[in-house]
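Please read the points below with the model open beside you.

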Amino acid sequence: MGKFSAEKRAKQYARLIEAYGDVCAHCGRAHPDTIDHVIPTAAGGGSSLANLQLLCWNCNQRKANAPDPYRVGEILPTLKAEVDYVKWALKHGILQARPLKMVVRKDTPA
Ligand SMILES: [Zn+2]
């Protein structure tokens with residue numbers, strides 16, 4: 001449960017239903033029973049309403065502790081948050097670094 005009381009959690013749940021509807025954000029199933037961090041707190045995600053969503057148990061299990069690829073772009077308001085997220089995602093293999101390709105012109109002296 002962490003630092004949130006059951007009452008606080010119930011209020012948060014009600015606010016999420018009000019904001020997004022009483023449906024799973026991924027599959028649309030009614031009455032989802034888990035609150036999910038779109039970007040996990042470990043990756044710098046906050047606990048504001050914008051970073052929370054309702055997921056059904058199955059979708060939450062499938063997503064595991066990873067950022068939600070569908071919604072990441074919406075809720076990274078600052079460049080710093082984006083950089084933190086990219087660092088975290090690279091470290092956890094969610095994003096893969098692409099090697100830079102050096103383009104060498106043929107007429108460039110060696
Ligand atoms: Zn679902």
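1. His31 sits in the loop that joins H1 to S1; helices (H or I, at least four residues) and strands (E, at least two) are DSSP runs, numbered from the N terminus. With 10 other C-beta atoms within 10 Å, His31 is exposed. A residue is called buried if 20 or more other C-beta atoms lie within 10 Å of its own, exposed if 12 or fewer, and partly exposed in between, with C-beta atoms placed from the backbone. His31 is not a glycine, yet has a positive phi of about 55°. Most residues other than glycine have a negative phi.

2. On provenance: this is a predicted model, in which local features need pLDDT of at least 70 and side-chain atom pairs count only at pLDDT 80 or more, while totals for chains, interfaces and linings use all residues. Residues are numbered from 1 along each chain as its sequence is written. The mean pLDDT (the predictor's confidence in each residue, from 0 to 100) is 78 for the protein, and 67% of the residues reach 70 or more. Helix H3 (residues 79-91) has the lowest confidence, with a mean of 73, and strand S2 (residues 52-55) the highest, at 92.

3. The protein has 3 helices and 2 strands, in the order α-β-β-α-α along the sequence. Of its 110 residues, 19% count as buried. Among contacts with a separation of 6 or more, 55% join residues 24 or more positions apart; a contact requires C-beta atoms, placed from the backbone, within 7 Å.

4. Helix H1 (residues 6-20) has 15 residues and should span 21 Å at 1.5 Å a residue, which agrees with the 21 Å between its end C-alpha atoms. The expected span is 1.5 Å times one less than the number of residues. The number of buried residues in H1 is 0, so the helix lies largely in the open.

5. Is Arg29 partly exposed or buried? It counts as partly exposed, with 16 C-beta neighbours inside 10 Å. Leaving aside neighbours within four places in sequence, Arg29 is in contact with Val23, Cys24 and Cys56. Its C-alpha atom is separated by 9.9 Å from that of Cys59, 30 residues apart along the chain.

6. Strands S1 and S2 pair in the antiparallel sense over 4 bridges, where pairing needs at least two DSSP bridges. Asp36 stands opposite Gln53 in S2. Both faces of S2 are covered, with Leu52 and Leu54 buried on one side and Gln53 and Leu55 buried on the other.

7. The largest nonpolar core consists of 6 residues: Cys24, Ala25, Leu54, Leu55, Cys56 and Cys59. Such a core is a set of buried Ala, Val, Leu, Ile, Met, Phe, Trp, Tyr and Cys residues joined through C-beta atoms within 7 Å. Apart from it lies another core of 5 residues, including Val38, Ile39, Ala43 and Leu52. Not counting residues up to four places away in sequence, Cys56 touches Cys24, Cys27, Arg29, Pro32 and Asp33.

Technical notes
Contact = placed C-beta atoms within 7 Å.
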